[in-house]
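Visitor: I would like to learn how to read pockets in a model. Where do we begin?

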Amino acid sequence: MKSSPVLHALRLATGDLHREIEAESRVELRLRDSATRPAMVACFLDFHRRVEAVVEPWRDELRDGGFEVRPRVREMREDLERLGGVDEAGEVASAAPTFGEALGWLYVAEGSMLGGRVIRRGLLQDGVPLTGLGFLDPWGDATGDHWRAFVTAMESACASGRVRQTDVLKGGRDAFKLAFALLVPPRPIESAA
Ligand code: HEM
């Protein structure tokens with residue numbers, strides 16, 4: 001894949017938020033532990049459900065640009081059911097007002113699968129049962145192709161002038177902020193004493 005200016009810009013614009021989530025969410029730990037896994041999976045389901053609502057009106061535009069959005073919510077709900085978890089459907093996010101913002105949101109959802117594969121591999125190596133964790137690696141060996149198709153579609157939408165890069169960056173940051181709000185547990189209140 002040729003280098004992508006918009007991908008580079010997205011990484012610069014959102015790298016701090018990704019690092020904060022990695023440092024504070026304890027995602028891997030909460031998925032390892034069978035006691036905390038259902039609630040963690042429910043948080044991811046909530047996140048992806050909202051991303052799908054944000055992106056939904058732009059599905060045809062994405063398809064025309066060569067990228068097929070594959071919904072994940074049904075499979076994630078099945079993952080959660082396997083774990084006996086509760087789907088606490090949160091509020092549904094409103095649709096992205098611009099195609100560029102929708103691309104930024106999708107960048108976060110699609111990119112999270114690259115990290116998901118790394119987390120899954122770590123659990124597998126340690127012999128941790130993977131029940132209910134299919135959502136971490138939904139595309140398996142096709143992940144790389146799927147990711148490249150997304151980046152190519154995003155890049156050509158920006159290069160064509162149909163999409164403003166600032167919108168893409170806004171969408172990416174908004175999606176990461178939502179991920180932070182949903183996936184990072186609240187900090188305990190420190191006593192003043
Ligand atoms: C503890 C939790 C996480 C870890 C350890 C982690 C780790 C990683 C790793 C290792 C990659 C690079 C994978 C590769 O290049 O093959 C990656 C990429 C990415 N992750 Fe995460 N991640 C975590 C959580 C998240 C979350 C919650 C989101 C968003 C919902 C997210 C969004 C992304 C994105 C957008 C990329 C693609 C970056 C790019 O290539 O431009 N990650 N993550």
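Guide: This is a predicted model. We can begin with the second largest pocket, which has a volume of about 170 Å³.

Visitor: How does one find such a space?

Guide: Rolling a probe the size of a water molecule over the atoms shows where empty space is left. Here, the second largest pocket is lined by Ala39, Ala42, Cys43, Asp46, Gly85, Val86, Glu88 and Leu182.

Visitor: Which element gives the largest share of that lining?

Guide: Helix 3 does, with four residues. By type, the lining of the second largest pocket holds five nonpolar residues, one polar and two charged.

Visitor: What is the volume of the largest pocket?

Guide: About 740 Å³. Its lining has 31 residues, and those nearest the centre are His18, Glu22, Gly111, Ser112 and Gly115. Helix 6 contributes the most to this lining, nine residues. The lining of the largest pocket divides into 16 nonpolar, nine polar and six charged residues.

Visitor: Which pocket does the ligand take up?

Guide: The ligand takes the space of the largest pocket. Helix 1 (5-24), helix 6 (99-125) and helix 8 (165-183) each give two or more residues to the shell around the ligand. Helix 6 gives the most to that shell, with eight residues.

Visitor: How many residues surround the ligand, and which are closest?

Guide: There are 20, and the closest are Arg11, His18, Tyr107, Gly111 and Leu183. The shell consists of 13 nonpolar, five polar and two charged residues.

Visitor: Which atoms of the ligand lie by the polar side-chain atoms of Arg11 and Tyr107?

Guide: For Arg11, an oxygen atom of the ligand at 2.6 Å; for Tyr107, an oxygen atom of the ligand at 2.8 Å. With His18, a side-chain N or O atom is 2.9 Å from a nitrogen atom of the ligand.

Definitions and conventions. Residues numbered from 1 in each chain as written. Predicted model: local features only at pLDDT ≥ 70, side-chain atom pairs only at ≥ 80, totals over all residues. Heavy atoms only, no water. Near = heavy atom within 4 Å. Polar contact = N/O pair within 3.5 Å; in protein donor to acceptor, adjacent residues only side chain to side chain. 1 Å grid on protein atoms, 1.4 Å probe; cavity = no way out; pocket = protein on both sides within 12 Å on 5 of 7 lines; lining within 4 Å. Sits in = over half its atoms within 2 Å of the grid points. Nonpolar A, V, L, I, M, F, W, Y, C, P; charged D, E, K, R; others polar. Points joined across faces, edges and corners; volume = space filled by probe spheres on them.
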